[in-house]
Amino acid sequence: MNGEQYFERSPSSTESGKTFDWNLDGRTLRVDTAGGVFSRRGLDDGTEFLIDRAATPPIHGVALDLGCGWGALAIALATRAPELRVWAVDVNERAVALTEQNAARNGLGNITAVLADQMPSEVTFDVIWSNPPIRIGKQQLHDLLATWLSRLSVRGVAWLVVSRHLGADSLTTWLAEQGWICERVGSRHGYRLLRVSRS
Ligand SMILES: C[S@@+](CC[C@H](N)C(=O)[O-])C[C@H]1O[C@@H](n2cnc3c(N)ncnc32)[C@H](O)[C@@H]1O
């Protein structure tokens with residue numbers, strides 16, 4: 001990406017993405033990736049770990065894919081729970097457009113993708129799935145998580161996947177210090193899966 005980060009608002013990358021078939025729970029989904037959007041190579045290992053190990057999403061209610069990239073987590077949520085209202089947010093315009101495109105291509109009318117600053121402020125979430133943007137910096141990451149976790153419903157649960165090398169354990173400590181119940185529920189290929197709730 002020529003030094004450009006995947007969390008630019010308007011990426012200038014001209015690298016090509018790819019189209020691939022993704023087998024999710026026995027269903028074949030066809031999705032596009034793009035240059036300047038995470039993950040251009042396809043399904044990220046950490047993202048796949050979250051999808052494999054997180055609890056089944058609620059049948060009804062509202063979900064959030066925080067930092068959607070091309071939409072992997074929103075697509076998994078929406079496929080597993082067709083009546084769940086799934087919001088996908090990102091700061092990257094190309095990511096938001098690609099998530100909308102991938103949702104439409106796979107007939108997932110329950111996904112709405114928006115830029116993070118366009119998310120209606122009154123919406124709260126029963127479940128949040130995120131492979132959060134660790135590379136934005138520690139303070140920015142803390143601010144991001146504080147903002148969106150505060151919108152969990154009373155019994156809402158957030159599932160976060162974080163690389164151990166990028167600070168999963170210190171993030172777990174910080175979340176606990178902020179009053180969240182934060183459990184490490186699994187570890188695979190250097191990724192930690194965290195379950196975060198109010199109680
Ligand atoms: C590690 S990627 C995960 C992408 C996708 N969810 C996946 O699992 O493949 C993190 C994403 O967070 C986005 N992001 C960065 N800063 C953000 C912010 N302040 N608000 C929302 N999304 C942000 C990035 O643009 C990127 O798409």
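In the predicted model, the buried residues of helix H2 are Ala72, Leu73, Ala74, Ile75, Ala76, Leu77, Ala78 and Thr79. H2 spans residues 72–80 and is mostly covered, with eight of its nine residues buried.

H2 packs on helix H3 (residues 93–105), the two axes lying 10 Å apart at an angle of about 30°. Because angles under 35 degrees count as roughly parallel, H2 and H3 are described as roughly parallel to each other. Their crossing is right-handed. On the H2 side the contact is made by Ala74, Ile75 and Ala78, and on the H3 side by Thr99, Asn102 and Ala103. Four of the residues in this contact are nonpolar and two are polar, while none is charged. In an α-helix there are 3.6 residues a turn, so residues three or four places apart point the same way.

Seven strands form an open sheet of mixed pairing, arranged in the order S5-S4-S3-S6-S7-S9-S8. From one strand to the next, the twist averages 20°.

Among the residues involved, Arg188 has Tyr191 of S9 as its bridge partner. Helix H5 (residues 168–177) lies across S8, S9 and strand S7 (152–163), and runs at about 165° to S8.

Key. Residues are numbered from 1 along each chain as its sequence is written. This is a predicted model: local features need pLDDT of at least 70, side-chain atom pairs count only at pLDDT 80 or more; totals for chains, interfaces and linings use all residues. A residue is buried if 20 or more other C-beta atoms lie within 10 Å of its own, exposed if 12 or fewer, and partly exposed in between; C-beta atoms are placed from the backbone. Helices (H or I, at least four residues) and strands (E, at least two) are DSSP runs, numbered from the N terminus. Axes are lines fitted to C-alpha atoms, for helices over the stretch in contact, and angles run from 0 to 180 degrees between N-to-C directions. Angles under 35 degrees count as roughly parallel, over 145 as roughly antiparallel, 65 to 115 as roughly perpendicular and the rest as oblique. A crossing is left-handed if the near helix is turned anticlockwise from the far one by less than a right angle, and right-handed if clockwise. Two residues are in contact if their C-beta atoms, placed from the backbone, lie within 7 Å. Ala, Val, Leu, Ile, Met, Phe, Trp, Tyr, Cys and Pro count as nonpolar, Asp, Glu, Lys and Arg as charged, and the others, Gly among them, as polar. Two strands pair if DSSP finds at least two bridges between them.
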